[in-house]
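Try each task before reading its solution.

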Amino acid sequence: MNANEIRVFCPATIANVSCGFDVLGLALDAVGDEMVVRKTTQKGIRITKLIGQDLPMETLHNVAGVAGLALLAQSDYEGGFDIEIYKKIKAGSGIGSSAASSTGAVWAMNALLGKPFSPLELVKFAMEGERLASGVAHADNVAPALFGGFTLVRSYQPLDVIKINTPKELYATVIHPQIEVKTSDSRRILKTTISLEDGIKQWGNVGGLIAGLFTEDYELIGRSLEDHVVEPIRSILIPGFDMVKQKALESGALGCGISGSGPSVFALSKGIETAKKVAQAMTDVYDKIGIDYDIHVSKVNTEGIKVL
């Protein structure tokens, strides 16, 4: 490996995982961006290439640039970095497009600097990219991208991220109907308060999901993938959501919900065969409705970002 240049894979992520709005996330294996980051003597950060999506290349308008600047501000490194971004994750897809760019930049920069920052510090830098993208510095996508596997953001003030066990046979199926739902718009429609009754249901499910992941109890995982807070509101923005969910569950999925702010819909299954059956059921729904889609069947990625 060139000491001044690194090429990395930055995974797509599923945030919220039904019951864990803004606190739970998981990393995917089958889809992600690639980035090349190189050290330069020139100060600051430059996005020198951006292929695959029509996104801004100006440093202050690009999530990778903003996250990278947050790291540089805390570093004693005198030079700067050039960044090439090869986007395979569509913007506005709900599988962590902005998080992949933000985390890839800071992870690669940290590696080139000899790893002066911890994964938790990198999460803080990457959250600045998320602030630019959605107006909120949330960590439910950037944490799993950096830690790998499932992560729980136990607290934002102070930031506390816990890596959760990933059962060996857990697979994700994600369908992305080709409509765009902006995270900022998707946040705007949410209520700012919930009833105590809904809160009790929700934290029961969060606890159940965490317990199910650690004990590898797939049925408990399935029972816990319920969202009483966000899904009832956001699902309105996703055509065919109720039918996609119904067909996924009928095909053997443990649970099904909205990936991040949508429009992608995810299902978790035990075993790849079931995950593929679920993929077929989901695509059948959108074929009938006549909406184009991307479909991904993926193992949960337990290592997060990696060098290529």
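Predicted model: local features only at pLDDT ≥ 70, side-chain atom pairs only at ≥ 80, totals over all residues.

**Exercise 1. H1 against H3**

Task: Describe how helix H1 and H3 pack, and which residues meet.

Solution. Two packed helices are described by the angle between their axes and the distance between the axes.
- Step 1: Take the angle. H1 (residues 63-74) packs against H3 at about 140°.
- Step 2: Take the distance. The axes of H1 and H3 are 8 Å apart.
- Step 3: The crossing of H1 and H3 is right-handed.
- Step 4: List the residues. H1 brings Val63, Val66, Ala67, Ala70, Leu71 and Gln74. H3 answers with Leu122, Phe125, Ala126, Glu128, Gly129, Leu132 and Ala133.
- Step 5: Sort them by class. The contact of H1 with H3 has 10 nonpolar, two polar and one charged residues.

**Exercise 2. H2 against H3**

Task: Repeat the analysis for helix H2 and helix H3.

Solution. 
- Step 1: Locate the helices. H2 covers residues 97-112, and H3 covers residues 119-134.
- Step 2: Read the geometry. Their axes come within 9 Å and cross at roughly 145°. This crossing of H2 and H3 is right-handed.
- Step 3: Name the residues. On H2 they are Ser98, Ala99, Ser102, Thr103, Val106, Trp107 and Asn110. On H3 they are Leu122, Phe125, Ala126, Gly129, Glu130 and Ala133.
- Step 4: Sort them. The contact of H2 with H3 has seven nonpolar, five polar and one charged.

**Exercise 3. The cavity**

Task: Which residues line the largest cavity, and what is its volume?

Solution. 
- Step 1: Count. There is one cavity of 30 Å³ or more.
- Step 2: Size. The largest cavity has a volume of about 50 Å³.
- Step 3: Lining. Asn16, Ser18, Asp227, Val230, Glu231, Arg234, Gly257, Ile258 and Gly260 line the largest cavity.
- Step 4: Elements. Helix H8 (231-234) and strand E8 (255-258) each give two or more residues to this lining.
- Step 5: Classes. The lining divides into two nonpolar, four polar and three charged residues.

Note on methods
Residues numbered from 1 in each chain as written. Heavy atoms only, no water. Axes fitted to C-alpha atoms, helices over the stretch in contact; angles between N-to-C directions. Helix = DSSP H or I, 4+ residues; strand = E, 2+ residues; numbered from the N terminus. Left-handed = near helix turned anticlockwise from the far one by under 90°. Contact = heavy atoms within 4.5 Å. Nonpolar A, V, L, I, M, F, W, Y, C, P; charged D, E, K, R; others polar. 1 Å grid on protein atoms, 1.4 Å probe; cavity = no way out; pocket = protein on both sides within 12 Å on 5 of 7 lines; lining within 4 Å. Points joined across faces, edges and corners; volume = space filled by probe spheres on them.
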